[in-house]
Amino acid sequence: MAAAERTRDRRERDTLSVEWVKLELLRTAYATRGGLLASRDPRFVLGWYLVFAVVPWLTHDLTVLTGLFLVCAAAVVLSRVGPLILGLFVFGFVLESGYLLIASWFFGGDLGTVLALAELTLKLATVSLASMAAFVSLDPEKLSDALLALHAPAMVAFGVSYGYRMLPVLMEEFHTVVDGYRLRAAPPPPPGFLGWRAVVRVGTTVVAAFYPLMLNTAKRTRTTVEALETKGFTYAAEHPAGRRIRLAHLRADRWDVLLIAVTVLLVAACFALGRAHPLPVQPG
Amino acid sequence: MSGGDPGAPAVEIQGLRFRYPGAGADTLTGVDLRVERGDITAVIGGNGSGKTTLCKTFNGLVPHYWSGSFEGTVRVCGTDTRTASVAALSHLVGYVYQDFGNQLVRPTVRDEVSFAPVNFGLDDHAERTEEAMELLGVAHLADRFTWQLSGGQQHLVALASVLALRPEVVVVDEPVAELDPARAERIYEALTDLNARLGTTVVVIEHHAEFVARYARSVVLMADGAPVWHLPVREALERHDELDRHGIPAPQIAQAVRALVPGAPVPLTVPEAARALAGTPLGGAAPARPAPPPGEAVAELAGVHHGYREVGGGLTPVLRGIDLTLRSGERVALVGGNGAGKSTLLRLLTGLKVPRSGTVRVEGTDTRAVRPADLADRVCHLYQRPEQMFLKDSVREDIAMFPRARGVPDTDRLVDTVLERIRLAGLADRDGRLLSGGQQRRATLGIGLAVRPALLLLDEPTSSLDTASRDAVIAMLDALADTIRCTVVATHDMHLVATWAQRVLVLDGGRVVADTDPAALFADPGLMAAAGLVPPQVVRLGLELGLEPPPLSVAELLGRGPATTGRRAADGRR
């Protein structure tokens, strides 16, 4: 213990700590940073997202894909995506690229294999960037209203907003339960090679913490379901008046139209560029 | 849709029997009840007497949602609940749950309040939403997320969301259970205001006779699934023996007046009690309360500052310079309004958090220098919500978890001893979540006892307990002194402070603004108001009668009365 006391000096950290992860998730979920897409009509934001979720799969040209990737990257910057989500993305992207190189080296692949894999990576990356930009800009109300407007089932639209409503509560509860395990379970063993014992301990704790979390949540939902009944949730499913009122505030303006127009132009420009400079170069 | 038959009583029940599906016995066993329009009715009775089930028949959840065997009739404003749907009845009856936090289903306050009117497609939904928020004074919170609100604010929002349908009847299930008394008082003021302004009939389920006396006009005593009687409040409180038998002790002021002026009418408020006792000489000296000899330091905080990051990125300071020594043999109460930093201080003592500046030492160990798990055998923190402490599937396993993990020899015997002490040996194999509130609290105390810490920290150990379970928990805390060197309780419960604590730390604005004892705290109205605290009734009565220092319990007040003055005087003043 004496040795440990000499070396250990814990500090309250504002980044890369559990508290920070919790705050970042909330900032992402509740669109607190604002940005280009946050002030737009949510139906148009979903439309914008759909463009970039579908178009990358319609081409094999790396020039086009690179162009789309850059457009989405610009959207991510303008939408003020937070460091946690962005960091996770970059981490995944770098890891994937490294894996590509290694895979093609070891399994005797040639440039063709690398290009094919690079194409897939680029497509996935583009879609991920678009998802980040869109969903970081939609707060729970907007997302649920947009889904309702696009004729998603009422249960799905409500479920989305209820999920957001419970997110902070469940995160807090999960943290408390995990802390309980940290204090009351066996003291942590020496970390071992690359800290594998610590990793195993964290893993088992997180899994074990789900048991109390699920039971406590089940207990909560009884009240919630009764309350929904009294608040006319099932009534609204059978009577359209509520839906009309809920969606009455959604109004597109010229900026929304401009957003889609610019998006279509940019996508067209990417394809034009791809036609001028195809990659890989088509034989003949 | 709203309004029903204007001539009919708010609630009229005849020959009601109800049994939950699969249950072995009827939960409601022949209820005949009439609640007049514009009444404020308190439904009281022990745990399991059918209070909540009765109230759920008003809005049709029983029998439409809980479809058991249902006999008899329930009419709400003339509408038979069997012929109307839950949705239609919610225009007549609004229901606020005991766990009201789970009744809020939407992210923002405005959306929550407008949810029902929008679902029902009411064209004046915006107007109703504003009106309901205005009525309860939550309009300034309209754009806040519901999870950002304090408990008291959440309760008001839950109430606003049922009022948006402009119901004739509002049912509130145990507002004091999850709120501290000062906030519960605000809820009662709001309900009284609604009743006066709109003529809304209010039905509250309540354990605390003190609130019943102050706010209700009539009282329904439930026992074994049926009303024993339904009486005007003063007549109801006169029947103290009967109330006692059903686990509802009389308010402190009623006990005091009954003992000192037999035959006087039962007082409903502190000033009434003071008038009744005006002629009684109560000049006896206060009993001596010797301060415990200062023990050695168990925990020391020096220059501690701490704060939290917000979603917006700013840093909210919570503690601003705490210097404090907790000594062995002390029973410390940590009091202060919400956000005063009580919970943060407890978390710093466990080592789960380290201060941003300053040092926290527990038994000489700097919390920065060790992992929280290394401190866990010296400090034990019992959370406010017991279910967060139940990590295993039985009480026995939960209590055994710590000693077994640390390889304490003879764990099984230790666990048996602890179970015996907390009187849960018979329920040891049940899941903690399935126990009653008081049993859950005792089970968490058992978890703490099995850790055998030097420093035991408890967060609101008496909240959401009925009076009998609360007294049981306080008695158990009293008995802990032999195994635990220092106990710190963060609480709003001034009854607990008065009867248990020896030292009181008042936190306000992140600083310790007073380090004193209970009697001195209660005698300082400025300090009490600053920290948002309400003294127990008997203390207020003593202050009103000019007793200095004020009595901390009814027994103490009676001790200063005529019969025992001579004996007490010999003890001398403190």
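This is a predicted model: local features need pLDDT of at least 70, side-chain atom pairs count only at pLDDT 80 or more; totals for chains, interfaces and linings use all residues.
Visitor: Is chain A a compact globule or more spread out than one?
Guide: Its C-alpha trace spans about 70 × 60 × 30 Å along the principal axes. For 284 residues the globule rule gives 19 Å, and the radius of gyration of chain A is 24 Å, well over that value, so chain A is more spread out than a compact globule.

Visitor: What share of the residues of chain A count as buried?
Guide: A residue needs 20 or more other C-beta atoms within 10 Å of its own to be buried. Of the 284 residues of chain A, the share that passes is 29%.

Visitor: Which helix of chain A gives the most residues to the side that touches chain B?
Guide: The contact takes 57 residues from chain A and 52 residues from chain B. Elements giving two or more residues on the chain A side include helix 2 (18-29), helix 8 (154-184) and helix 9 (196-230). With 15 residues, the top contributor is helix 8.

Visitor: Which residues have the most contacts inside the largest nonpolar core?
Guide: That core has 228 residues. One of the two sits in chain A and, beyond four places in sequence, touches A:Leu37, A:Cys72, A:Ala75, A:Val76, A:Ser79 and A:Val81; this is A:Ala133. The pair is A:Ala133 and B:Ala160.

Terms used:
Residues are numbered from 1 along each chain as its sequence is written. Chains are lettered from A and ligands numbered from 1 in the order in which they are written. A nonpolar core is a set of buried Ala, Val, Leu, Ile, Met, Phe, Trp, Tyr and Cys residues joined through C-beta atoms within 7 Å. A residue is buried if 20 or more other C-beta atoms lie within 10 Å of its own, exposed if 12 or fewer, and partly exposed in between; C-beta atoms are placed from the backbone. Two residues are in contact if their C-beta atoms, placed from the backbone, lie within 7 Å. Helices (H or I, at least four residues) and strands (E, at least two) are DSSP runs, numbered from the N terminus. The radius of gyration is taken over C-alpha atoms; the globule rule is 2.2 Å times the number of residues to the power 0.38.
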